[in-house]
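Hi everyone, thanks for coming. Let me put the structure up on the screen, and then we can walk through it together.

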Amino acid sequence: MRVTPHRISPRLTAAAVVLGLVAACSHPVPYGVPVPATDMSRVHPNPDPREGLKAGLWNAGEAAWNLRVVSHTHSPDSVFLNSTNSDLAFTGNYVIQGSYNGYQVWDISNPAAPTLHTKEACPASQSDVSVYKNLLFVSGEGNGGRLDCGSGGIKDTVSQERLRGLRIFDISDITTPKYIANVQTCRGSHTHTVLADPKDPDNVYVYISGSAPARSPHELAGCSNAQPSEDSTTSLFRIEVIKVPLAHPEQAAIVSSPRIFHDLTAPPTHGMSAADKDALDKAKAQGKYVVTVFGNPFVLPDRMIKPMLDSIAKTHGGTTASTADSTALRGAIQGMVDKMVGRRQQKEGSGPPPGPTQCHDITVYAQVGYAGGACEGYGLLLNIQDPAHPYRVAAVDDSNFSYWHSATFNNDGTKVLFSDEWGGGGGPKCRAKDPKEWGADAIFTISNNQLTFQSYYKMPAIQTENENCVAHNGSLIPIPGRDVMVQSWYQGGVSVFDWTNASHPQEIAFFDYGPVDSTRLAGGGTWSAYWYNGVIVSSEISRGLDIFALQPSGFISQNEIDAAKSVHFDQWNTQGQRKFVWPASFALSGAYVDQLERSGGLPAARIAAVREGLKKAEGSSGASRQGMLNLIATQLQGDAAGSSDAAKVQTLIQSVKDLAGK
């Protein structure tokens with residue numbers, strides 16, 4: 001069921017529990033062969049070709065529909081090949097790909113053959129990346145990140161060598177990035193968001209979301225894990241805002257810590273699905289280690305348990321863990337997990353447990369004055385007109401959602417889509433018995449600072465119990481007049497869907513690999529899939545970098561694709577949305593004609609006549625072209641009143657007038 005605004009308790013992602021379920025791969029051999037789209041129609045493939053694909057890391061089966069694979073490029077050398085690829089940022093012809101071991105810079109000027117331009121080893125989890133002009137920002141949250149970007153981690157509980165926060169690099173010469181500054185935060189930076197305020201050209205702002213417990217005050221002064229009732233300056237229940245002077249980025253510093261979670265309480269949860277219960281029973285029968293985190297059971301992977309057992313055995317001089325060692329670990333593991341996640345029990349009679357203590361991710365849209373905060377168990381709408389002091393204007397919860405992960409606005413800022421990273425991305429949530437509302441997207445309309453639920457969207461293919469599959473990072477595709485999005489679903493692959501009708505989203509294209517491993521749950525899949533200047537770029541967790549191109553189909557015309565390609569950005573951070581503006585072109589006008597045909601907004605005869613008129617005008621020039629276009633616009637004005645889609649006809653008319661004025 002859905003529930004309405006206002007109430008979340010801290011909830012641990014499975015990624016935090018299993019300490020990196022998205023695991024490493026093996027040898028740097030080529031993989032995959034570009035495959036064509038399997039179908040150009042408006043009929044969704046049945047049976048779905050994503051189901052039953054051959055498993056494998058480098059030789060997995062592939063399925064594509066209305067998407068064309070442009071290239072598969074695997075990660076370089078052992079430093080990055082044996083790490084986890086994370087998020088993406090774009091500048092010029094380059095895509096910057098984060099990794100738990102640093103970041104890589106790919107030249108995609110030829111998307112069919114990306115080339116590695118730069119690689120910087122700088123271990124940290126999870127190396128979320130963003131760019132602004134000549135600056136590169138990289139997040140670090142875990143305890144192993146070092147200030148000097150060195151490997152080997154940090155063993156001391158308290159250390160002045162630890163980096164938890166934001167790294168800043170100068171990429172004026174992208175072949176030799178320079179590490180110029182860092183800003184330490186109490187909880188580190190799981191993700192961050194860059195906000196460029198048009199009213200403040202001298203600075204850029206970075207919103208920090210930290211998911212981990214606060215570090216010791218002996219390591220960074222002022223840090224505290226206390227509840228607000230115990231310490232009003234607690235590091236919990238807030239985000240951090242960093243101000244970066246563009247002339248002196250080395251002076252970057254925290255300027256505010258907005259407490260956007262005040263008065264929120266824990267929302268209801270949905271428990272376990274039938275598939276979860278089956279998996280839990282199977283795990284218990286196999287003797288797996290099961291812990292409870294904020295009321296939810298998690299099965300800990302063998303690769304987390306084995307080192308612990310080995311360590312216990314070594315304490316008494318053994319080389320192999322005994323039954324007694326296993327019993328001892330079973331007795332201690334729950335307490336270890338509780339300590340790791342900073343769990344606090346609510347005192348009996350003290351009221352409902354508190355809501356979220358941080359956001360997972362924040363998407364800012366400066367041109368509409370809003371940010372969408374995906375904050376554990378809540379979706380927040382923030383006012384960001386004063387970038388240093390954002391404040392909450394609306395909050396929604398949902399008993400079908402487990403972990404609000406990220407947000408995407410539509411182009412005019414009248415809708416927002418939140419994703420639910422159920423289980424933290426480490427579990428299989430697209431099985432036959434998993435509810436379609438769980439691990440999905442929730443779509444809301446925005447009016448008068450309020451969020452109103454409309455529908456859910458979930459990648460529709462059934463995936464196996466060995467594939468981590470849940471909603472993850474995606475972006476809008478600049479198709480004019482429509483809300484179309486591409487999104488990653490980990491091992492559920494890449495899904496493109498239309499949510500113009502917020503109540504009835506529909507998948508219109510996809511790509512997927514078979515499972516990484518057919519015998520066990522091995523983490524992998526696509527972390528992020530974003531549109532950038534004409535192509536879709538996917539960060540493949542275990543493999544490398546994938547690039548796709550939209551194919552014309554019954555859902556998307558060539559004119560719509562060409563109009564989308566006409567929108568060009570010099571830089572792009574998906575969490576810093578910018579308004580799409582389409583230059584006047586025959587493709588743009590043709591796209592609106594195609595949409596009117598698809599919706600039945602004009603009679604077939606008028607559609608044919610307008611197309612013929614545009615074709616003749618495109619073949620002309622000067623005054624002759626201008627006259628033809630003005631005539632088309634005048635004739636369309638007469639059509640508008642009787643159209644079932646008068647607003648789209650008016651949009652077409654304006655696009656034709658803009659062409660005439662060029």
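**Salt bridges, rings and cores**

Let's start with Lys306 and Asp310, whose side chains meet in a salt bridge at 2.9 Å, N to O. By salt bridge I mean a side-chain nitrogen of Lys or Arg within 4 Å of a carboxyl oxygen of Asp or Glu. Before going on, please keep in mind that this is a predicted model, where local features need pLDDT of at least 70, side-chain atom pairs count only at pLDDT 80 or more, and totals for chains, interfaces and linings use all residues. Residues are numbered from 1 along each chain as its sequence is written, and side-chain values use heavy atoms, with hydrogens and water left out.

Back to our pair: Lys306 and Asp310 both sit in helix α4 (residues 302-315), four residues apart, about one turn of the helix. Helices (H or I, at least four residues) and strands (E, at least two) are DSSP runs, numbered from the N terminus. Lys306 counts as exposed, at 52% relative accessibility, while Asp310 is partly exposed at 25%. The cut-offs are under 20% relative accessible area for buried, over 50% for exposed, and partly exposed in between, with a 1.4 Å probe and protein chains only.

Now look at Arg431, which forms a salt bridge with Asp276, the closest N and O atoms being 2.6 Å apart. Arg431 lies in the loop between β22 (415-420) and β23 (441-447) and Asp276 in helix α3 (residues 274-285), so this pair ties together parts 155 residues apart in sequence. Arg431 is buried, with a relative accessible area of 10%, and Asp276 is buried too, at 7%. Another salt bridge joins Arg238 and Glu240, at 2.8 Å between the closest N and O atoms, and both of those residues are buried. The count for salt bridges comes to 24.

On to the rings. How many aromatic pairs does a search of the whole structure find? There are 23. Rings of Phe, Tyr and Trp (its six-membered ring) pair if their centres lie within 6.5 Å; planes under 30 degrees apart count as stacked, over 60 as edge-to-face and the rest as tilted. Trp65 and Phe555 form an edge-to-face pair, 5.7 Å centre to centre with 85° between the planes. Trp65 lies in strand β1 (residues 62-65) and Phe555 in the loop between β31 and α6 (558-565), so the pair ties together parts that are 490 residues apart in sequence. Both Trp65 and Phe555 are buried.

Finally, the inside. Which residues have the most contacts inside the largest nonpolar core? They are Phe90, Val95, Ile108, Val537, Leu614 and Leu629, in a core of 55 residues. A nonpolar core is a set of buried Ala, Val, Leu, Ile, Met, Phe, Trp, Tyr and Cys residues joined through side-chain atoms within 4.5 Å. The largest share of this core, six residues, comes from α10. Leu629 touches Phe586, Leu614, Ala617, Val656, Leu659 and Ala660, leaving aside residues up to four places away in sequence; a contact here is heavy atoms within 4.5 Å. There is also a second, separate core of 27 residues, which includes Ala63, Val484, Leu550 and Ala564.

That's my tour; I'm happy to take questions.
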